[in-house]
Amino acid sequence: MCYFCRVKIQEKYILRCIQIAKNALGRAAPNPMVGALIVYHGRVIGAGYTSPFGGPHAEVNAIRSVRDPGQLRDSTLYVTLEPCCHHGKTPPCTDLILESGIPRVVVGIPDPHDKVGGKGIARLREAGCEVILGPGEAACREHHRRFLTFHEKKRPYLILKWAQSPDGFLAPVPAVRAASPSPHWITGRESRQLVHKWRTQEAAILVGWRTAAADNPRLTSRSWAGQNPLRILLDPGKKTPPASHLLDGKVPTLRVVNEAPSADPVPAVEYLVIAPGDRFLGRLSKELFNRGVLSLIVEGGAHTLNSFLDEGLWDEARVFTGPAPLGDGLRAPQITGRLMESTKSGGDRLDIWRNG
């Protein structure tokens, strides 16, 4: 077989691994959502993806799915990310690969984790296993962008999200809001449900105290099956009303303040003290990295969103535009970046932006 044909086949299998790996979105974190295939003489005989945190990795699930283990000694393992070689909550994947007798492993990209970082590939090669690195690299980096950002930049993958009117407002003027306490929805039901789905896919969600006071959001995924994200409330002066849903203790919540509270906090509401000053959001991001928060959705409000934009501290922005103009009100943020996608979401438009 010619070299280019072989590379195309390897890329095809890696792309299939990525499709399989998406089943782990929102479940595997803080582990990466890895996909793996085992191919025997051109036929897929095993497949797997990363189990929820603490469970088997993709390679283990793929190997265990093979009906005839004897075929492994003449098979190729395809995997989106370098197999681990260290003991964590599970044994090293490299050990099982070698024990199974798999002679060849095709890896999409190296693992940037400081406990792996090429050591998994080296372990396999030293034991006589052929390792091919790089097929489908760009697609694997895109797929693993949360995990790569977390380990390469030492912070969560940051997603900004807001909804705006076609004339560029986040909310109507205060008089209109005061006259009607009901929510002023800019987007339709489909878009609001999509946001709840997104919440199940990310580790945490953040708003500022102004949004908490004005909208009293729950920040849960109640309209979609899945886990609720960690709620993060930026409340340096502790101005959020005590009756806020974010302080009800029903979902784990991190309340970021300038100084420690004088009274005991509500159960499930943890206080994180970060002193005011330069690079506040950068210091918050570092703290979230230290806590293992892989990804974060920033849902508002305008001041908070603009603060992330002004510092260039974002990776992706998801912007809904509803059909009805407001005429006046709170201005939506202005974004510059790469427009990656523009689609319909019910009666709304959804634009996906990337930073840089």
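Biologist: What should I know about the model and the numbering?

Modeller: This is a predicted model, in which local features need pLDDT of at least 70 and side-chain atom pairs count only at pLDDT 80 or more, while totals for chains, interfaces and linings use all residues. Residues are numbered from 1 along each chain as its sequence is written, and side-chain values use heavy atoms, with hydrogens and water left out.

Biologist: Which strand order does the nine-strand sheet have?

Modeller: The order is β11-β10-β9-β8-β12-β6-β13-β16-β15, in an open sheet with mixed pairing. Strands (E, at least two residues) and helices (H or I, at least four) are DSSP runs numbered from the N terminus, and two strands pair if DSSP finds at least two bridges between them. The edge strands are β11 (269-273) and β15 (338-345), each of which pairs on one side only. On average, neighbouring strands of this sheet are turned by 20° against each other, direction ignored; axes are lines fitted to C-alpha atoms, for helices over the stretch in contact, and angles run from 0 to 180 degrees between N-to-C directions.

Biologist: And what packs on that sheet?

Modeller: Helix α6 does, touching β6, β12, β13 and β16 (348-354), and its direction makes about 125° with that of β6. Helix α11 also packs on the sheet, where it touches β6, β8, β9 (230-234) and β12; the direction of α11 makes about 135° with that of β6. Contact means heavy atoms within 4.5 Å.

Biologist: How many residues of β6 are buried?

Modeller: Eight of its eight residues are buried, where buried means under 20% relative accessible area, exposed over 50% and partly exposed in between (1.4 Å probe, protein chains only). Tyr157, Ile159, Lys161 and Ala163 point one way from β6, whereas Leu158, Leu160, Trp162 and Gln164 point the other way. In a regular strand the side chains alternate between the two faces of the sheet.

Biologist: Which strands does β6 pair with, and in what sense?

Modeller: β6 pairs with β12 in the parallel sense over four bridges, and six bridges join β6 to β13, also running parallel. Tyr157 has Ser295 in β12 as its bridge partner, and Ile159 has Glu316 in β13.

Biologist: Glu316 is a charged residue in a strand. Is it buried or exposed?

Modeller: Glu316 has 3% relative accessibility, so it counts as buried. Setting aside residues up to four places away in sequence, Glu316 touches Arg145, Tyr157, Leu158, Ile159, Leu160, Ile352, Trp353 and Arg354.

Biologist: What about Leu305?

Modeller: Leu305 lies in helix α11 and counts as buried at 1% relative accessibility. Beyond its neighbours within four places in sequence, Leu305 is in contact with Leu160, Lys161, Trp162, Val298, Gly300 and Pro333. The C-alpha atoms of Leu305 and Gly208 are separated by 9.0 Å, with the two residues 97 apart along the chain.

Biologist: Changing topic, how is the five-strand sheet arranged?

Modeller: It is an open sheet in the order β2-β1-β3-β4-β5, with mixed pairing. β2 (43-49) and β5 (130-133) stand at the edges with a single partner strand each, so one side of each is left without a neighbour in the sheet. Strand β1 (residues 35-40) runs antiparallel to β3 (residues 75-81), joined by five bridges, and Ile38 stands opposite Leu77 in β3.

Biologist: Now the pockets. What is the volume of the largest pocket?

Modeller: About 1300 Å³. On a 1 Å grid over the protein atoms alone, a cavity is a set of points where a 1.4 Å probe fits but cannot get out, whereas a pocket is an open set with protein on both sides within 12 Å along at least five of seven lines; lining residues have an atom within 4 Å of a point. Grid points are joined across faces, edges and corners, and a volume is the space filled by probe spheres set on the points.

Biologist: Which residues lie nearest its centre?

Modeller: Arg177, His184, Trp185, Thr211 and Asp215 do, from a lining of 47 residues. Helix α8 gives the most to that lining, with seven residues. By class, the lining has 20 nonpolar, 17 polar and 10 charged residues; Ala, Val, Leu, Ile, Met, Phe, Trp, Tyr, Cys and Pro count as nonpolar, Asp, Glu, Lys and Arg as charged, and the others, Gly among them, as polar.

Biologist: And the second largest pocket?

Modeller: The second largest pocket has a volume of about 710 Å³. Its lining has 36 residues, of which Gly26, Arg27, Ala29, Thr200 and Gln227 are the closest to its centre.
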